[in-house]
Amino acid sequence: MTTRVFRALITFGGLVALAVALSSCDVGGLHPIFPNPVSPNGQDIYNTYLGISVPAIIIFLGVEAALLWVVLRYRRSTQPVGYVPPQVHGNTPLEIVWTIIPLIIVLAIAGYSFVELQKDFQPISNQQMTVIVSGHQFGWNYEYENGVVVHQEGTLAGDVTPFVVPTHTLVKLDFRGTDVIHSWWVPAISGKTDAVPGYDNFSWLKIDQVGTWRGECAELCGVGHSTMQIIVQSMDQSDFNRWMAQQKTASPSASPSASPG
Amino acid sequence: MATTVLPRPKAYDDTFFKPISLWLTTTDHKLIGIMYMVTGILSFVIGGVFALIVRLQLSQPNLKVVDPETYNQLISAHGVTMIFFFVTIFLTGIANYMVPIMIGARDMAFPRVNLLGFWLVPVSILLYYSGFFTGGALNAGWTGYAPLTEKAYNSHSLGVDFWALSIIVWAISGIMASTNFLTTIVALRAPGMKFSRLPLFVWAQISTSILLLVVGAPLAAAMILLEFDRQLGTQFFTTAGRPVLYQHLFWFFGHPEVYIMILPGFGMISEVIPVFARKPIFGYMSMVAALFGIVFLSMTVWAHHMFTVGMNTYVEGFFMLMTMLIAVPTGIKFFNWIATTWWGSVEFTVPMKFAFGFLATFLIGGLTGIYLASVPVDTQLHQSYYVVAHLHYVLFGGSVFTIMAGIYYWFPNITGRMLGRTLGEWNFWTLFIGFNGTFLIMHTLGLEGMPRRIATYANEAWAATNAIITISSFLIAFSVLLLLINIVRSWSSGEIAGNDPWRANTLEWATTSPPPPYNFERVPPVRSFMPLRDLRESGEVAE
């Protein structure tokens, strides 16, 4: 009996350690959470994920511990010979308790998530810049307000033309679908936004550091799906202005010509 | 309902082989049930082979085991086969066998509808696989989102058309089966078998049938509209039409389908746990109430598959709330199952091991479901390998583990022989380790940004994880092989089970194993929801 309880404690301790390790840091290159977010909406999603993890890990450990306890304590071989279990048919107060407590927990999670939903997913109008992002088989076009278009044609290796944004700028992304449904996803920035034909969709980003971030199309869109790689590059405002001037000279007409596809 | 009773051939009862003419024409719910189950297991093997090829292709970056077009057909065929042709069909089979006998009936209410409903299943399956011979089967995932399935982007083959026809036939078959189950349960219960005494597996089948009746028709409607678009030039879901409408119609079926695939499993677990814990089920009424809570809620959550298409945030909030509320009835069931084993005398037979494996793993699928229900978090996790991991925790850790528990539990009733225990233990542990090895670390791939349904990837950082997943997936295949060997060996030469090998509670064990045609020489009296136990205690049947 004592050795069994001891074994249970060891196993339980191991599970706790594993869960703590998984929730706090990278284990052997496995990432238990998204990449460090660089845009405030991504940061809010990251925090929501962490918030949900608190009750989730507690419930996980509690229920698995209960199962382990049954396995060790109530198996027939550990019970006295001829043991007849109490023929309990239920316990109404107990059943009410384990209805109400989960109800409170999920309402709290839903409320918490809804606040974040209202904060970051409502249409915005205070953007400093708007870019029209349109997906096609198999690449992305980014059309700036001055008519410059970045054609990000897909390659599997991911060496695609970067979509360039200035730092410290609230950029609204308006999504357009031109053929099938695509989904724009750069995990370090924020969640996915679908580009659906005939259906306006939007997202936004605000990056406060210089850098390059990768992503790819997340909605199966045909044979080239895995080649629809995305690179977002953020630059200081002065570098961005220089880059934009180059783009204008490269295509002097600066007309928002349609991509050849 | 019944035609004349034919003289009972010896071969009918207790041997593996029965005359083909009997299989082709039988309206016996047990034989039809067995044919459903065998069809399901064959589909499981076929769908598993598709999955292994997919895993080989993804085991390392930049592989070319198959080309992207073939890859897209394989992932679609894996999903369609497992969801439509394995889990749903197998569960219909086990219900076809068990529901009439558990309520003390002699057959289903409409035996010939049962016969027709079953034979539509191979039609549906053959229709789907015919697509491979028209230049390529469905290649847009099992969800077949428009406009990718529309003629403009998918005209190189008739794969999409054969898939749509196959699903329409499947839906008709499912609606027939559901009608039959509900009528049987309402009209053919034995004397004394009040609704309040129905076994929980039968209650689960009531809720499943209601769900399929409600959502089967919208699924067929979506397929018919898609075919109008493809063949008659309408514009329902085309680039110029409303692609999001397709998603609403599909998921109005698609999400309840998840519960169609798990509620019968919940029912089987509710049968297995009390028998091996030697205690009655804890909270019978709250178990039934929880089933119907899930039925109602599951029809109000479909758009949680669509949080990235850009819906109004209040609409998204509604679907988020309803989705999260499903955790409450599911939690009730979980706590009741654990409470049933508490203070019990728990015997860890193979079915009970699978039941506990189900509890341990399905919990993870339930908890990751909470993350996915949260709209902001879902925009990150949606369409990534996190979702693939989640859905396999629900469908494999959930449905497949319950199916395994059901197979080991009811095999003696179906064949008269025990399903070998040693191979069964191996079967359980290899499946448990292989399953968790495959799908636990898959969560991290999604968090790192690996989308689902990509034919290959260049990112070296994902290579090691994918290699481990592929190796583990072959352990699952090995485990399934053990199951098949065990079934064939035990069916032909296993240990004779006797009528009631588990000292069970319900009527399917109150007759001979295997039961005769028409199930009972004399329908036993029913005085509680554990009629067989009552008979043992009153000495009316031997211990």
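**Entry 1: strand β10 of chain A**

I started at one residue pair: in β10 of chain A, A:S234 is the bridge partner of A:G211. The model is a predicted one, and I read every value below as computed from it. I then looked up which strand A:G211 opens. Strand β9 of chain A covers residues 211-216, and its pairing with β10(A) is antiparallel, with 6 bridges.

I next checked for another partner of β10(A). Strand β4 (residues 163-166) of chain A runs parallel to β10 (residues 229-235) of chain A, and 4 bridges join the two. Within this pairing I noted A:P166, whose bridge partner in β10(A) is A:M235. I set down the background as well: strands of a sheet pair through backbone hydrogen bonds, in either the parallel or the antiparallel sense.

**Entry 2: the five-stranded sheet of chain A**

I moved on to the open sheet of chain A. In what order do its 5 strands lie? I read the order as β3-β2-β1-β5-β8, with mixed pairing. The edges are held by β3 (149-153) and β8 (201-205) of chain A; each has a single partner strand, so one side of each has no neighbour in the sheet.

Strand β2 (residues 139-143) of chain A pairs with β3(A) in the antiparallel sense, over 5 bridges. In that pairing A:Y142 stands opposite A:V150 of β3(A). For reading side chains here I kept in mind that they alternate between the two faces of the sheet in a regular strand.

**Entry 3: chain A overall**

I counted 4 helices and 10 strands in chain A. Along the sequence the pattern is α-α-α-β-β-β-β-β-β-β-β-β-β-α. Of the 261 residues of chain A, 34% are buried. Among contacts in chain A with a separation of 6 or more, 71% are between residues 24 or more positions apart.

**Entry 4: chain B overall**

I then turned to chain B, which has 18 helices and 0 strands. Its radius of gyration is 23 Å, close to the 24 Å that the globule rule gives for 543 residues, so chain B is as compact as a globular protein of that length. Along the principal axes, the C-alpha atoms of chain B fill a box of roughly 70 × 50 × 45 Å. Buried residues account for 63% of the 543 residues in chain B. Of the contacts in chain B between residues at least 6 apart in sequence, 84% join residues at least 24 apart.

**Entry 5: helix α6 of chain B**

Is α6(B) enclosed or open? I found 21 of its 29 residues buried, so α6(B) is largely enclosed by the rest of the structure.

**Entry 6: where the chains meet**

I looked up the contact between the chains: 77 residues of chain B are in contact with 76 residues of chain A. On the chain B side, the largest share comes from helix α11 (residues 327-341) of chain B, with 8 residues. By type, I sorted the residues of the side of chain B that touches chain A into 46 nonpolar, 23 polar and 8 charged.

**Entry 7: backbone checks in chain B**

I ended with the backbone. The rule I went by is that most residues other than glycine have a negative phi, and most peptide bonds are trans.

I noted a cis peptide bond from B:A146 to B:P147, with omega near 0°. B:P147 lies in the loop between α5 (111-130) and α6 of chain B. Another cis bond runs from B:S513 to B:P514, with omega near -5°. I placed B:P514 in the loop between α17 (463-493) and α18 (531-537) of chain B.

Which phi does B:R278 have? I read a value near 60°, which is positive in a residue other than glycine. B:R278 sits in the loop between α8 (243-277) and α9 (284-298) of chain B. With 20 other C-beta atoms within 10 Å, B:R278 is buried. B:W343 also has a positive phi, near 65°. I found B:W343 in the loop between α11 and α12 (350-373) of chain B. B:W343 has 17 C-beta neighbours inside 10 Å and counts as partly exposed.

Notes. Residues are numbered from 1 along each chain as its sequence is written. Chains are lettered from A and ligands numbered from 1 in the order in which they are written. This is a predicted model: local features need pLDDT of at least 70, side-chain atom pairs count only at pLDDT 80 or more; totals for chains, interfaces and linings use all residues. Two strands pair if DSSP finds at least two bridges between them. The radius of gyration is taken over C-alpha atoms; the globule rule is 2.2 Å times the number of residues to the power 0.38. A residue is buried if 20 or more other C-beta atoms lie within 10 Å of its own, exposed if 12 or fewer, and partly exposed in between; C-beta atoms are placed from the backbone. Two residues are in contact if their C-beta atoms, placed from the backbone, lie within 7 Å. Ala, Val, Leu, Ile, Met, Phe, Trp, Tyr, Cys and Pro count as nonpolar, Asp, Glu, Lys and Arg as charged, and the others, Gly among them, as polar.
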